Amino acid sequence: MSRSPHRLSADPAGRDARAVPGLPLVVLATLAVLVTAADTYVVVLALPDILTGVGVGIDELQRATPIIGGFLLGYTATLPLLGRLADLRGRVPVLAGCLLLFAVGSLLTASAGDLGLAVAGRGVQGVGAGGLVPATLALVADRWPPERRAVPLGVVGAVQEAGAVLGPLAGAAVLAVADWRAVFWLNLLLGLVLAAGVVVTGGRRPDPLGLVLLAVAGTAAGLQLAEPPALAEDVTLGLAWVPLLDGAAATTPLVVVAVVAGVALVARSLARPDGAVLPLRGVPRLVREVDAVGSLLAVVALGSLVWAFAAADPATEVVAYGAVLLPLAVLAGVAFWLHERRTPDPVLPLRALRPAGAWGALVVNLLVGVALVAALVDVPLFARATTTPGDQLGAALVLVRLLVAVPVGAVAGGLLCRRVAPRLVAAAGTVLAALALWAMTGWGETSLDSGWSTVVLLTAGLGFGLAIAPVNAVLLAVTGPEVHGSASALAVVARTVGMLVGLSLLTAVALRRFTAEVEAIGSPLTVCPDTPADCPAYDAAANAAVLTQLHTVFAGAAVAAALAAVAALVLLRERPVRG
């Protein structure tokens, strides 16, 4: 069978110089992406229980913002650095290190007794989860040449999106038999097991003693933080929580064991040339190689931008602390750009992203993020406002109709890229999403009761999924393997920023329309002067105002998806890097 002329040609830029990863390693890395993606949606489900467990009342749900925002901050702000580390140090150490960070964050969250520790734990979890995606995408690019890469990229994308479906289901199953802390203890176990699997399948010699030290340190720290009553209140076993020195709470036997085992683990990792549990060998040299100034500026710029939108209350503001955070993000961003142009070893090799296909992929991801977040947030809101008033589970099941089609579309997009130009596949997917979102602008109070709404939701999910593989395939084809980690990190940043900015802007515009509609209606006294307490006409007008608000969001999302289709057609050129 002859190759089509639009097919991505093989990358000659030194593939032989890089060890080809085995399939088991790719599978484990993909499973790690699934676990961390599912964790995001589990937390949304368990959020009220988490707040109650850390001493926050159910009437103070607004204080949940740091728990969500802390994860997003850790996830996004450190992506450029982690992507660069994956290029400089290798995929396996970054994957293992990120999984260990995810495990540590899970430990902190599971044992949190106050809001501060829960936020810190979620932030550390976010750092670990964020670094897994670019490292896994780069791993796929290392193993498969461009002409065979789209399908495995689609599989990774499908697994990541499947977390949105499996996460709530897994969370509901755990919460049915245990409390919310069990979710994070399970994450701790999965993170440690996957980290060990990545090290072994990544061709590194296992270190049994190092694994034992890690298990001892982790177990002792976990017991100290969790302080389970059945053990801590026992006459004999409870001595493990009693300080050895009066007035020094940090001198309990458990803390001493954790510290001694941790120090021994670090010393062993520094001494072993290969196979260490912690990839610490050569860290001083790596610190010199990494662009510390650029990394710091990137963290400040992205962190300020993420927190400005993540901490905002859409009902009252587009951004939070905008007078401080937005100027700080702009100044740090400009300083980062100027610094990266001058430094010989930038944290983000901007020169490698000059091809139109590279920055075009970032633009498409940004616009897809804007459209996708509208569907994820407002489809359940629409369901709760119409067919399932107050029924959170019913609204979530409506969203599942969309989400189940995204992984299918991701795999289908990878398969189509074998015969069709990736830019055409991405454009077709975003057009489908735009048409489906536009159809939602005509939904009424009973629309979700019809089979047509299911067709629309499945079409939207399929369209979003179709765009995943071709966009990543083009990005990795037009950049060299030495920057695949950085390029993949930027792709994730673009989509995340698009989701945050899109949610705030679309919600702000929709709320303005809602307010105008409500003001035009007047009060119940005006509409029904004789029976203001029971006024069907006013209730109908108020419901219509709510629908107008949601329709506005769907319309804005449809425009964003349509712009993504145009950007895909014009910018996603598949000219690969030449050696």
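Predicted model: local features only at pLDDT ≥ 70, side-chain atom pairs only at ≥ 80, totals over all residues.

Biologist: What makes up the secondary structure of the protein chain?

Modeller: Helices. The chain comes to 22 helices and zero strands. Of its 579 residues, 51% count as buried. Among contacts between residues at least 6 apart in sequence, 80% join residues at least 24 apart.

Biologist: Why is α4 called roughly antiparallel to α7?

Modeller: Take the angle. Helix α4 (residues 91-110) and helix α7 (residues 181-201) pack at about 160 degrees. Angles over 145 degrees count as roughly antiparallel, so α4 is roughly antiparallel to α7. Their axes are 8 Å apart, and the crossing is left-handed.

Biologist: Which residues of α4 and α7 meet?

Modeller: On the α4 side, they include Val-92, Leu-95, Leu-99, Phe-102 and Thr-109. On the α7 side, Phe-184, Trp-185, Leu-188 and Val-198 are among them. By class, this contact has 17 nonpolar, four polar and one charged residues.

Biologist: How do you know that Thr-109 is buried?

Modeller: Buried means under 20% relative accessible area. Thr-109 has 1%, so Thr-109 is buried. This residue is found in helix α4. Leaving aside neighbours within four places in sequence, Thr-109 is in contact with Ala-118, Gly-121, Arg-122, Gln-125, Trp-180, Arg-181 and Phe-184.

Biologist: Why does Ala-182 count as partly exposed?

Modeller: Ala-182 has 22% relative accessibility, so Ala-182 counts as partly exposed. Ala-182 is found in helix α7. The C-alpha atoms of Ala-182 and Ala-110 are separated by 7.2 Å, though the two residues are 72 apart along the chain.

Biologist: What makes α12 and α13 roughly antiparallel?

Modeller: Helix α12 (residues 292-310) and helix α13 (residues 322-342) pack at about 155 degrees, with axes 8 Å apart. The cut-off is over 145 degrees, so α12 and α13 are roughly antiparallel to each other. Their crossing is left-handed. The contact includes Leu-297, Ala-301 and Trp-307 of α12, and Leu-325, Phe-336 and His-339 of α13. By class, this contact has 16 nonpolar, four polar and one charged residues.

Biologist: How do you know that the span of α18 is close to the expected one?

Modeller: Helix α18 (residues 451-466) reaches 23 Å from its first C-alpha to its last, and 22 Å is expected for its 16 residues at 1.5 Å a residue. Among its buried residues are Val-456, Leu-457, Phe-464 and Leu-466.

Biologist: And what span does α17 have?

Modeller: Helix α17 (residues 422-440) has 19 residues and reaches 27 Å, close to the 27 Å expected. Its buried residues include Pro-422, Thr-430, Leu-437 and Met-440.

Conventions
Residues numbered from 1 in each chain as written. Heavy atoms only, no water. Axes fitted to C-alpha atoms, helices over the stretch in contact; angles between N-to-C directions. Helix = DSSP H or I, 4+ residues; strand = E, 2+ residues; numbered from the N terminus. Parallel < 35°, antiparallel > 145°, perpendicular 65-115°, else oblique. Left-handed = near helix turned anticlockwise from the far one by under 90°. Contact = heavy atoms within 4.5 Å. Nonpolar A, V, L, I, M, F, W, Y, C, P; charged D, E, K, R; others polar. Expected span 1.5 Å × (residues − 1). Buried < 20%, exposed > 50% of the residue type's maximum accessible area, 1.4 Å probe, protein only.
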